[in-house]
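Biologist: I want to learn how to read pockets in a model. Where do we start?

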Amino acid sequence: MTQQVAEVRTAATEHAAARTSWPWLPVTAVFVAITLALTALVAGVHMHTGTMGHTGLPWLDGWYRWDSAWYWRIEAGGYFYHPGQQSSIAFFPVFPLLAQALAPLVGGWQIGGQLVALASGLAATVLFTRWV
């Protein structure tokens, strides 16, 4: 019986050691490197195509596409529903609320939204890496 307890404790200790040696720093570094590379690419594309961004910064306005316009409308005028048409109720409120909370601290809603998106992406990447 004592041998089994010792084996279980050893396995638990090894498992705990493996968790503490998890490489979160390299995962974060790769995430940041990919984000910077994509931001440079998006800024270059934005210089040629333009978008509807509101900051005047090509590296940030280039990300203002697709669903970000919906979130901008939610921030500016709230949620709406028109039967038979696309409506903003399809978008969950946590993202706009967090972006709006950050806006006074960082200089605008679009910058706050970008920071929320980056933090969420990093958290998802780190947690997924931890899970795998």
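Modeller: Start with residue classes. Ala, Val, Leu, Ile, Met, Phe, Trp, Tyr, Cys and Pro count as nonpolar. Asp, Glu, Lys and Arg are charged, and the others, Gly among them, are polar. Keep in mind that this is a predicted model.

Biologist: How does the lining of the second largest pocket divide by class?

Modeller: Seven residues are nonpolar, three are polar and none is charged. The volume of this second largest pocket is about 150 Å³.

Biologist: Which residues line the second largest pocket?

Modeller: Thr-35, Leu-36 and Thr-39 do, with Trp-59, Leu-60 and Trp-63. Ile-111, Gln-114, Leu-115 and Leu-118 complete the lining.

Biologist: Which helices supply at least two residues each to that lining?

Modeller: Helix 2, helix 3 (58-61) and helix 6. Helix 6 has the largest share, four residues.

Biologist: Now the largest pocket. How much space lies in it?

Modeller: About 410 Å³. Its lining counts 18 residues.

Biologist: Which of them lie nearest the centre of the largest pocket?

Modeller: Trp-63, Ser-68, Phe-95, Gln-114 and Ala-117. Trp-63 and Gln-114 also line the second largest pocket.

Biologist: Which helices each give at least two residues to the lining of the largest pocket?

Modeller: Helix 2 (24-49), helix 4 (67-77) and helix 6 (109-131). Helix 6 gives the most, with six residues.

Biologist: And by class, what does the lining of the largest pocket have?

Modeller: There are 11 nonpolar, five polar and two charged residues.

Notes. Residues are numbered from 1 along each chain as its sequence is written. This is a predicted model: local features need pLDDT of at least 70, side-chain atom pairs count only at pLDDT 80 or more; totals for chains, interfaces and linings use all residues. Side-chain values use heavy atoms; hydrogens and water are left out. On a 1 Å grid over the protein atoms alone, a cavity is a set of points where a 1.4 Å probe fits but cannot get out, and a pocket is an open set with protein on both sides within 12 Å along at least five of seven lines; lining residues have an atom within 4 Å of a point. Grid points are joined across faces, edges and corners, and a volume is the space filled by probe spheres set on the points.
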